[in-house]
Amino acid sequence: KQDQQYIAIKELGIKIPVKSTDTTYDIAVDPNYVGISTKGFQSAVGNCKPENTASSSFPAVIVVTKHTGTFDSNPDKKFDQLGAYDSFGKQFSGFYLSYGTPDGGYCNGAQSTAANTVNQLFNNLKPELESGVKNAQQL
């Protein structure tokens with residue numbers, strides 16, 4: 001059996017299990033936000049987006065956020081803790097993780113073989129990375 005691979009995100013103090021050997025991440029301006037992607041997904045997005053799209057935008061499959069404190073599972077508190085779009089990931093000592101996925105738009109509405117490739121990769125990677133966040137470990 002193949003050993004479990006991880007991607008270490010030292011800025012968040014975690015590592016998450018991954019299947020893809022080309023998994024990569026990018027820290028946002030706020031270091032508590034991390035976009036996770038794969039080089040294959042980034043390349044596919046590069047093949048479909050219009051030439052005038054800013055090359056600096058990181059095509060994340062999933063965005064992980066680190067929150068200080070303890071997650072309160074009371075449904076009335078969910079919005080205050082996670083916002084409208086994130087899901088709870090995992091609790092650690094002193095902090096917890098949430099995750100969300102971008103709402104697409106990687107190819108700016110292009111209907112093409114390249115856009116279909118992006119959608120297929122996204123749909124394959126999203127559940128793997130969501131599971132990875134739920135099974136994260138501290139470094």
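Student: Which residues lie nearest the centre of the largest pocket?
Tutor: In this predicted model, the lining of the largest pocket is made up of 10 residues. By class, 2 of them are nonpolar, 5 polar and 3 charged. Those nearest the centre are Gln4, Gln5, Pro17, Val18 and Lys19.

Student: Which element gives the most to the lining of the largest pocket?
Tutor: The pocket has a volume of about 190 Å³. Two elements, S2 and H3, each supply two or more residues to its lining. With 3 residues, the top contributor is H3.

Student: How far apart are the end C-alpha atoms of helix H3?
Tutor: H3 runs over residues 113-134, which is 22 residues. At 1.5 Å a residue, the helix should therefore span 32 Å. The model agrees, with the end C-alpha atoms apart by 32 Å.

Student: Where in H3 does the kink lie?
Tutor: The bend there is about 25°. It comes shortly before the proline Pro127. Buried residues of H3 include Phe122, Leu125 and Glu128, and the elements covering the buried residues of this helix include helix H1 and strands S2, S4, S5, S6 and S7. The kink is at Leu125.

Student: Is Thr65 buried or exposed?
Tutor: Thr65 sits in strand S5. Leaving aside residues up to four places away in sequence, Thr65 touches Asn32, Tyr33, Asp86, Tyr96, Leu97 and Ser98. Its relative accessibility is 6%, and the cut-off for a buried residue is under 20%. Thr65 therefore counts as buried.

Terms used: Residues are numbered from 1 along each chain as its sequence is written. This is a predicted model: local features need pLDDT of at least 70, side-chain atom pairs count only at pLDDT 80 or more; totals for chains, interfaces and linings use all residues. Side-chain values use heavy atoms; hydrogens and water are left out. Helices (H or I, at least four residues) and strands (E, at least two) are DSSP runs, numbered from the N terminus. The expected span of a helix is 1.5 Å times one less than its number of residues. The bend at a residue is the angle between axes fitted to the seven residues ending there and the seven starting there. Buried means under 20% relative accessible area, exposed over 50%, partly exposed in between (1.4 Å probe, protein chains only). Contact means heavy atoms within 4.5 Å. On a 1 Å grid over the protein atoms alone, a cavity is a set of points where a 1.4 Å probe fits but cannot get out, and a pocket is an open set with protein on both sides within 12 Å along at least five of seven lines; lining residues have an atom within 4 Å of a point. Grid points are joined across faces, edges and corners, and a volume is the space filled by probe spheres set on the points. Ala, Val, Leu, Ile, Met, Phe, Trp, Tyr, Cys and Pro count as nonpolar, Asp, Glu, Lys and Arg as charged, and the others, Gly among them, as polar.
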